[in-house]
Amino acid sequence: MSGRDRFCQPRRVGRGAALTLVFTSVLVAGAATGSFGDPDRKSPLPSPRSTPAAHHKDVAAAAAEAMADGKSPMEAAERAVSRSGDRWGAVYSQGDYEEFEEALDGQYTGVGLWARRERDGRIEVTRVQTASPAAAAGIRVGDRLRSVDGEDVDGRPVTEVVSLLRGDADDAAAGTEVRLRLERGTRAWSETLRRARLSTDSVTVHKLPGGVTVIKVAAFTKGAGDAVRAAVEQAPRRAGIVLDLRGNSGGLVTEAVTTASAFLDGGLVATYDVNGEQRALHAAPGGDTTRPLVALVDGGTMSAAELLTGALQDRGRAVVVGTRTFGKGSVQMPSALPGGSVAELTVGHYRTPSGHGVDGRGITPDLEADAGALERAETVLSGLGDPS
């Protein structure tokens, strides 16, 4: 699904939004109040009046006016966001927003597809979850999704495609059917899948024959950072680690910082601004700073994953291998709107420890590699040598 980064702890609002993890496209970096405390603590959304960005107030005012006139406040808010020119701004129904929060908690209802919109508008599958309805149907990475329940998806925002896949308009539950039309090369076919309640399984670990541990982080859902730290602690002492962030759509920024803490002994992870006010994110002390480390990235590495990559690269902790990352480095703030919908609008940008901006640029790897990137990572690790 589409994803968004969150600087703030999860919030509950309504129904509907694994907008993060069944598809990957826009990852909105939610900055909220600057609180980086207990991720389990639930707090209410700030009221529109408490948000500092002027366009938040404009969007809220548009929603309130529409509601007073008996019109759709959400549609009015969407038009206001469109007029603002905010590339990453979005308005979500109360239900969509809660589904998003559930996804960050590691659960969602869907078919197990991750995808993104290409520059030409195509919706391309970037990951298929193991043991999901999509996997059982034989859908593969690289397949093109053409329609959902008869509605063409080319050129549509990924959030809309996600809504169709999830059946949000009908409040579809696990067990309901969804019809997909797909293409693979010259082959075109249709599949009817049943939605299921799935776990995101955002961190997976496996060992290569030479002893290298590969830690794959698909997204920064709740607990991902601790899972990475545990994997590092359990890895063979003299073996290198590949931190695979390819296709990582972002997620909870607190989890990305916790992941950085597994490899750094404190220090700066990133800086960011909220309406001009500068703030910083720091790693916790005590991480493994000696083990050889390679970070694998690609064009699907986004937002919080780019924040982590930039920290490891700038601080000389990892060799970054792969292709240029997506380039999503803006910070969004959520606010409740009249009528119950939620707006997330850009209020600032984050930078790597060396002060490099990511938004619109991405991160350039130290070593370019596309096909055979994992093999290149192994070669790099062999050259880095064993930790003493």
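Author: A224, G225, D226, V228 and R229 in α6 are in contact with E255, T258, T259 and S261 in α7, contact being heavy atoms within 4.5 Å. This is a predicted model, in which local features need pLDDT of at least 70, side-chain atom pairs count only at pLDDT 80 or more, and totals for chains, interfaces and linings use all residues. Residues are numbered from 1 along each chain as its sequence is written, and side-chain values use heavy atoms, with hydrogens and water left out.

Reader: Why are α6 and α7 called roughly parallel to each other?

Author: Helix α6 (residues 224–234) and helix α7 (residues 253–261) pack at an angle of about 15°, with axes 7 Å apart. Angles under 35 degrees count as roughly parallel, over 145 as roughly antiparallel, 65 to 115 as roughly perpendicular and the rest as oblique. The two helices are therefore roughly parallel.

Reader: What makes β11 and β20 edge strands?

Author: The open sheet has six strands in the order β11-β12-β13-β16-β17-β20, with mixed pairing. Both β11 (203–207) and β20 (367–368) pair on one side only; two strands pair if DSSP finds at least two bridges between them.

Reader: How do you know that β16 pairs with β17?

Author: Four bridges join β16 (residues 293–297) to β17 (residues 319–322), and the two run parallel. V294 has V319 in β17 as its bridge partner.

Reader: What is the average pLDDT of the protein?

Author: The average is 83, and 85% of the residues score at least 70; pLDDT is the predictor's confidence in each residue, from 0 to 100. Over residues 6–53 pLDDT stays under 50. Where pLDDT is low, the predicted coordinates should not be read in detail.

Notes
Axes fitted to C-alpha atoms, helices over the stretch in contact; angles between N-to-C directions.
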